[in-house]
Amino acid sequence: MFDKMIFNARIDFVRDAERIARKHHLIQCAEGNEIYYQSSALSNIEGIWWKIRGRTAQIKCSLHKLFWRSRYGTLDNSQMFTISDAKQIISELLDEWDINPEQVRITYYEVGLNIPVDHDPIEYISLAESIGVLRNRELFNDANFEKNRQKTTEKSKNIKKVFKIYDKGFEARDKGRLCEGNILRIETIYRRQSVSLIDFFSEKSIYNIIHTFYRDWATIGFRQRLTADKGIKSSQIDKAEALLRLGRDDYLRSTYERWKSGHLTDKQYRTIREFINSWDEIKCHFRMVQSPHEIEYKTKLLSLFNEAKN
């Protein structure tokens, strides 16, 4: 379930920097009198980026991609990736890096899940409007992608936790990678963190992280369809939809403004106002219905989460 991570390790530059640089094929750089090391363009092929400056070695990588490369030879994160897989690859990487794990802190990490779906992911993303028990985190279209291929919550610099839902296949193909099937990706991004690697991979910490992930993504708000009892006119359904979307006060206010501006007749204004005022008595005749996409998503979320958490 863990994907991209950023690790900051404390090292002794004199003793360790050159050794690490040789082992991981880093290039030497200079800025004034300061010597430092960082990865070359080969990092895109190797799937891991290094920078050693002063007493800090920073490492950026996707645990998911590195696990897949170690087993199957390709950098791929479109498949299932379990917590057991993550523990295996981080253990192997620590041995390879030859860095004291007690001196490593995690400053950024992503928790995600790939959900194979029956339809084009754009259909699910277009219905996703918010996340949170109170639906208080709105999902916005990401301007860097085709509409409804990726949505995120607000990403301003002071926000440490960001939610993202996107079309995994579209993202992979947009970057020139092969990815078959319809894959909906949900992801929680934690920025500006500072947690020791040892603490992060403790059983208690992992339990809290992954179950928070599930609770969050189980609260995603999909747009639902309004239905009504037999005999309810379509015009009344339209009024009910507007009332539920805007709220009683805003709907009444907008109706009044449309009447004052001449866009509604006296009869139309009176009919809508009476409908709003009688809502408490008639709302029992209307129901919000989940879309098949929402039902499928929630069923598969639980099933795949139970598989990935082991």
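**View A. Phe 2, Tyr 109, Tyr 190, Phe 200 and Phe 201 form one aromatic cluster.** Rings of Phe, Tyr and Trp (for Trp, its six-membered ring) pair if their centres lie within 6.5 Å; planes under 30 degrees apart count as stacked, over 60 as edge-to-face and the rest as tilted. The model shown is predicted: local features need pLDDT of at least 70, side-chain atom pairs count only at pLDDT 80 or more, and totals for chains, interfaces and linings use all residues. Residues are numbered from 1 along each chain as its sequence is written, and side-chain values use heavy atoms, with hydrogens and water left out.

**View B. Phe 163 and Trp 217 make an edge-to-face pair.** The count by the ring-pairing rule comes to 20 aromatic pairs. The ring centres of Phe 163 and Trp 217 are 5.8 Å apart and the planes stand at 85 degrees, so the pair is edge-to-face. Phe 163 belongs to strand β11 (residues 161–167) and Trp 217 to helix α8 (residues 203–217), so the pair ties together parts that are 54 residues apart in sequence. Helices (H or I, at least four residues) and strands (E, at least two) are DSSP runs, numbered from the N terminus.

View C. Phe 275 and Trp 279 are both buried.

**View D. Charged ends sit over the rings of Tyr 36 and Trp 49.** That of Arg 53 is 4.2 Å from the centre of the Tyr 36 ring. That of Lys 60 is 4.8 Å from the centre of the Trp 49 ring. The criterion is NZ of Lys or CZ of Arg within 6 Å of the ring centre and within 35 degrees of the ring normal.

**View E. The largest cavity has a volume of about 70 Å³.** A cavity is a set of points on a 1 Å grid over the protein atoms alone where a 1.4 Å probe fits but cannot get out; lining residues have an atom within 4 Å of a point. Grid points are joined across faces, edges and corners, and a volume is the space filled by probe spheres set on the points. Lining residues include Met 1, His 64, Phe 81 and Arg 185. Strand β6 (residues 104–116) gives the largest share of this lining, three residues.

Definitions and conventions: On a 1 Å grid over the protein atoms alone, a cavity is a set of points where a 1.4 Å probe fits but cannot get out, and a pocket is an open set with protein on both sides within 12 Å along at least five of seven lines; lining residues have an atom within 4 Å of a point. Buried means under 20% relative accessible area, exposed over 50%, partly exposed in between (1.4 Å probe, protein chains only).
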